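Work through the following exercises with the sequence and the model side by side. Try each task before you read its solution.

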Amino acid sequence: MRFAPHGIPPYTCVLRMRIARAYAWLAAGRPVSEVASALGFCDQSQLHGHFRRAFGITPGAFARVARRGYAPLAVVER
């Protein structure tokens, strides 16, 4: 079954929204463990895998870069 407006399955759409929110929260300085738990991932490793596939960087590495002020403002998925 496809999600008609976007042409993607519903779970994929929900997952993309969760990953986008994780990006924003990590850029705002929230800890990776807190973000993973708040967004409903089983554990940090599940967030790690999805985040890395979406952006090509691990959530921890992204958080370190974001703390230095180098995080882009827009969410760009690969």
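**Exercise 1.** Which helices are included in what covers the buried residues of helix 1?

*Solution.* Before starting, note that this is a predicted model, in which local features need pLDDT of at least 70 and side-chain atom pairs count only at pLDDT 80 or more, while totals for chains, interfaces and linings use all residues. Residues are numbered from 1 along each chain as its sequence is written, and side-chain values use heavy atoms, with hydrogens and water left out.

Step one is to list the elements: the chain has four helices and zero strands, where helices (H or I, at least four residues) and strands (E, at least two) are DSSP runs numbered from the N terminus.

Step two is to pick out the buried residues of helix 1, which are C13, L15, R18, I19, A22, Y23 and L26; buried means under 20% relative accessible area, exposed over 50% and partly exposed in between, with a 1.4 Å probe and protein chains only.

Step three is to look at what covers them, and this includes helix 2, helix 3 and helix 4.

**Exercise 2.** Is H50 buried or exposed, and with which residues is H50 in contact, leaving aside its neighbours within four places in sequence?

*Solution.* First locate the residue: H50 belongs to helix 3, which covers residues 44-55. Next take its relative accessibility, which is 17%, so H50 counts as buried. Finally, with contact meaning heavy atoms within 4.5 Å, and with neighbours within four places in sequence set aside, H50 touches L15, I19 and F41.

**Exercise 3.** Describe the largest nonpolar core.

*Solution.* A nonpolar core is a set of buried Ala, Val, Leu, Ile, Met, Phe, Trp, Tyr and Cys residues joined through side-chain atoms within 4.5 Å. The largest one has 17 residues, of which I19, L26, F41, L47 and F51 touch the most other members. Each of helix 1, helix 2, helix 3 and helix 4 supplies at least two residues of this core, and helix 1 gives the most, with five residues. As a general background, nonpolar side chains tend to be buried together in soluble globular proteins.

**Exercise 4.** How many aromatic pairs does the count come to, and why is the pair of Y23 and F62 tilted?

*Solution.* Rings of Phe, Tyr and Trp (its six-membered ring) pair if their centres lie within 6.5 Å; planes under 30 degrees apart count as stacked, over 60 as edge-to-face and the rest as tilted. By this rule the count comes to four aromatic pairs. One of them joins Y23 and F55, which is tilted, with 5.1 Å from centre to centre and 45° between the planes. The ring centres of Y23 and F62 are 4.5 Å apart and their planes are at 35°, so this pair is tilted. Since Y23 lies in helix 1 and F62 in helix 4, the pair ties together parts that are 39 residues apart in sequence. To finish, Y23, F51, F55 and F62 form one aromatic cluster.
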